[in-house]
Amino acid sequence: MSTENVEVVRTMYERRERGDMDVAEFVHPEIDFVRIGSDLPDVAGEWHGLDGMRRATVEYLNVWEDYRFEVDRMIDLGDRILILETQTARGRRSGAVISQDVGTLLTLRDGLIVRWEYYWERSDALEAAGVE
């Protein structure tokens with residue numbers, strides 16, 4: 001199952017890197033979506049279900065212009081995949097540019113993502129995944 005999970009995540013990320021942010025086919029309808037560790041207003045939180053995840057994502061992306069991310073590394077942890085990525089964007093209102101090394105820990109079951117944990121600090125993602 002692990003190889004299948006990696007392929008699911010890799011395919012999803014390839015689409016996202018091309019700008020296709022619709023991930024519905026890759027996630028369970030009752031997904032738990034969590035953003036952890038940001039000091040930015042209204043960024044951290046927990047949402048349930050595909051609609052909750054979509055709302056949280058749209059609200060987050062609406063804050064930025066030129067939002068981009070690059071996958072630095074994917075680590076196969078069996079039923080979980082840790083993605084280390086670099087996110088860059090410019091604030092829509094402020095014009096401030098950010099570049100942040102972040103981590104995403106995805107839990108999969110039956111080929112679908114059932115939990116999506118997004119960590120603003122990469123070190124927190126590594127710790128949560130038990131990776132040194």
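This is a predicted model: local features need pLDDT of at least 70, side-chain atom pairs count only at pLDDT 80 or more; totals for chains, interfaces and linings use all residues.
Residues are numbered from 1 along each chain as its sequence is written, and side-chain values use heavy atoms, with hydrogens and water left out.

## The whole chain

The chain has 3 helices and 6 strands, and reading along the sequence gives the pattern α-β-β-α-β-β-β-β-α. Here helices (H or I, at least four residues) and strands (E, at least two) are DSSP runs, numbered from the N terminus. The radius of gyration is 14 Å, close to the 14 Å that the globule rule gives for 132 residues, so the chain is as compact as a globular protein of that length. (That radius is taken over C-alpha atoms, and the rule is 2.2 Å times the number of residues to the power 0.38.)

How much of the chain is buried? Buried residues make up 41% of the 132 residues, where buried means under 20% relative accessible area, exposed over 50%, and partly exposed in between (1.4 Å probe, protein chains only). Take the contacts with a separation of 6 or more: 49% of them are between residues 24 or more positions apart. A contact means heavy atoms within 4.5 Å.

## How the strands line up

Two strands pair if DSSP finds at least two bridges between them. Strand 3 (residues 64-76) and strand 4 (residues 80-91) run antiparallel, joined by 10 bridges; Met-74 sits opposite Ile-83 in strand 4.

Next, strand 5 (residues 97-109) pairs with strand 6 in the antiparallel sense over 7 bridges. Strand 6 runs parallel to strand 1, and 6 bridges join them. Tyr-119 of strand 6 turns up in both pairings: it stands opposite Gly-103 and is the bridge partner of Ile-36.

## Aromatic pairs

A search of the whole structure finds 6 aromatic pairs. Rings of Phe, Tyr and Trp (its six-membered ring) pair if their centres lie within 6.5 Å; planes under 30 degrees apart count as stacked, over 60 as edge-to-face and the rest as tilted. Why is the pair of Phe-33 and Trp-116 edge-to-face? The ring centres are 5.9 Å apart and the planes are at 65°, so the pair gets that label. Phe-33 lies in strand 1 (residues 27-36) and Trp-116 in strand 6 (residues 112-119), so the pair ties together parts 83 residues apart in sequence. Phe-33 is buried at 5% relative accessibility, and Trp-116 is buried at 4%.

Tyr-67 and Phe-69 form another pair: their ring centres are 6.2 Å apart with planes at 50°, so this one is tilted. Phe-69 is buried too, with a relative accessible area of 11%.
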